[in-house]
Amino acid sequence: MTQILNCEIHDCGSHGVKQDSQLGLEGFTLVGSIIRDNGSAGLWMKTQGIGFLHVIRSNIFHANTGDGIEAQATVGARWGFMTIMNNLFTSNGGYGIQSTSASDANWVSHNDYNAFHSNTS
């Protein structure tokens with residue numbers, strides 16, 4: 001399981017955080033962090049297999065040139081359960097949260113209490 005807790009991630013030339021797995025993610029946690037001013041998405045996630053529990057909670061995604069969060073899954077992939085909760089998405093160059101998953105990708109999500117302001121898309 002990958003955990004990023006209480007960090008400030010900024011000014012990366014591409015994604016602030018990139019979680020890419022050929023076989024599926026075995027859990028990912030991003031909590032209490034500031035993800036800002038990166039050259040693409042603040043958080044970019046991709047799975048081609050079976051995902052597990054993912055928690056993205058109480059973060060600030062600000063002024064990334066792409067989406068605040070972009071989540072991708074290929075055909076037949078399963079994310080498992082994803083919680084995106086209590087985050088602030090401001091002034092990103094794309095969407096606050098965008099899923100660009102294949103039509104048959106299977107994911108269950110719990111998205112509550114997120115705030116969005118002045119994202120481009």
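## Burial and surface

A residue is called buried when its relative accessible area is under 20%, exposed when that area is over 50%, and partly exposed in between (1.4 Å probe, protein chains only). By this criterion, 45% of the 121 residues of the protein are buried. The model is predicted: local features need pLDDT of at least 70, side-chain atom pairs count only at pLDDT 80 or more, and totals for chains, interfaces and linings use all residues. Residues are numbered from 1 along each chain as its sequence is written, and side-chain values use heavy atoms, with hydrogens and water left out.

The accessible surface of the protein is about 5,800 Å² (Shrake-Rupley method, 1.4 Å probe). Carbon and sulfur atoms account for 50% of this surface.

## Secondary structure and contacts

The protein has 14 strands and 0 helices. Strands (E, at least two residues) and helices (H or I, at least four) are DSSP runs, numbered from the N terminus. Along the sequence the pattern is β-β-β-β-β-β-β-β-β-β-β-β-β-β.

Contact means heavy atoms within 4.5 Å. Of the contacts between residues at least 6 apart in sequence, 86% join residues at least 24 apart.

## The open sheet

An open sheet is formed by 4 strands in the order S3-S6-S9-S12, with parallel pairing. Strand S3 (17–21) and strand S12 (97–99) are the edge strands, and each pairs on one side only. From one strand to the next the twist averages 5°, as an angle on a scale from 0 to 180 degrees between N-to-C directions of axes fitted to C-alpha atoms.

Two strands pair if DSSP finds at least two bridges between them. Strand S9 (residues 69–73) is joined to S12 by 3 bridges, and the two run parallel. Ile69 stands opposite Ile97 in S12.
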